Amino acid sequence: MRIMVSACLLGENCKYSGGNNRSEKVLAFIRGHEVFPVCPEVMGGLPTPRTPAEIVQDTVINKEGVNVDQAYRLGAKKALEIAMREKIDMAIMQPRSPSCGSKEIYDGTFSGRRIPGMGVTAALLKENGFCVVDADEL
Ligand code: SF4
């Protein structure tokens, strides 16, 4: 299979905090497959580390109140371009991220409360017919 994966799940230090979300479960699952790592937030031009962001009424806003929607949408568009070009079979994405979350996201109040929803990249991939799987669901 051809699998797109959130780069932080592979151990890349691209998370907002400067760390990663390395997942042994994901690494075991993708073994022997063709892997296409993406970090939409970095691809959208954001620095690492960066201020965390959440989706507020369909717009990505960071914790300082800055509208960072454009960068998040650009990263999503670039991830979609890779998915199309590489004809991926599925994407395994980091849970709850405002970019990569595919089942749940934070509710936009920066209080840690979760709601059903998708990050902007996961949503764009799904809208375009790609199979998007939350890493917790593997
Ligand atoms: S944008 Fe996605 S790949 Fe990048 S750090 Fe956030 S969850 Fe990981």
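**Close-up views of a predicted model**

**View 1. Helix 3 meets helix 4.** Y72, R73, G75, A76, A79, L80 and A83 of helix 3 are in contact with V120, T121, L124 and L125 of helix 4; contact means that C-beta atoms, placed from the backbone, lie within 7 Å. By class, this meeting place has eight nonpolar, two polar and one charged residues. Here Ala, Val, Leu, Ile, Met, Phe, Trp, Tyr, Cys and Pro count as nonpolar, Asp, Glu, Lys and Arg as charged, and the others, Gly among them, as polar. Helices (H or I, at least four residues) and strands (E, at least two) are DSSP runs, numbered from the N terminus. This is a predicted model, in which local features need pLDDT of at least 70 and side-chain atom pairs count only at pLDDT 80 or more, while totals for chains, interfaces and linings use all residues. Residues are numbered from 1 along each chain as its sequence is written.

**View 2. How the two helices cross.** The axes of helix 3 (residues 69-85) and helix 4 (residues 120-127) come within 8 Å and cross at roughly 40°. Axes are lines fitted to C-alpha atoms, for helices over the stretch in contact, and angles run from 0 to 180 degrees between N-to-C directions. Helix 3 and helix 4 are therefore oblique to each other: angles under 35 degrees count as roughly parallel, over 145 as roughly antiparallel, 65 to 115 as roughly perpendicular and the rest as oblique.

**View 3. The buried side of helix 4.** Look for V120, T121, A122, L124 and L125, which are buried. A residue is buried if 20 or more other C-beta atoms lie within 10 Å of its own, exposed if 12 or fewer, and partly exposed in between, with C-beta atoms placed from the backbone. The buried residues of helix 4 pack against helix 2 (40-43), strand 4 (59-62), helix 3, strand 5 (90-93) and strand 8 (132-134). After helix 4 comes G129, with a positive phi near 90°.

View 4. Most residues other than glycine have a negative phi, and most peptide bonds are trans. In the loop between helix 3 and strand 5, K87 has a positive phi of about 50° although it is not a glycine. K87 counts as exposed because it has 8 C-beta neighbours inside 10 Å. R96, also not a glycine, has a positive phi near 70°, and R96 sits in the loop between strand 5 and strand 6 (104-106). Finally, T48 and P49 are joined by a cis peptide bond, with omega about -5°.

Definitions and conventions
Two residues are in contact if their C-beta atoms, placed from the backbone, lie within 7 Å.
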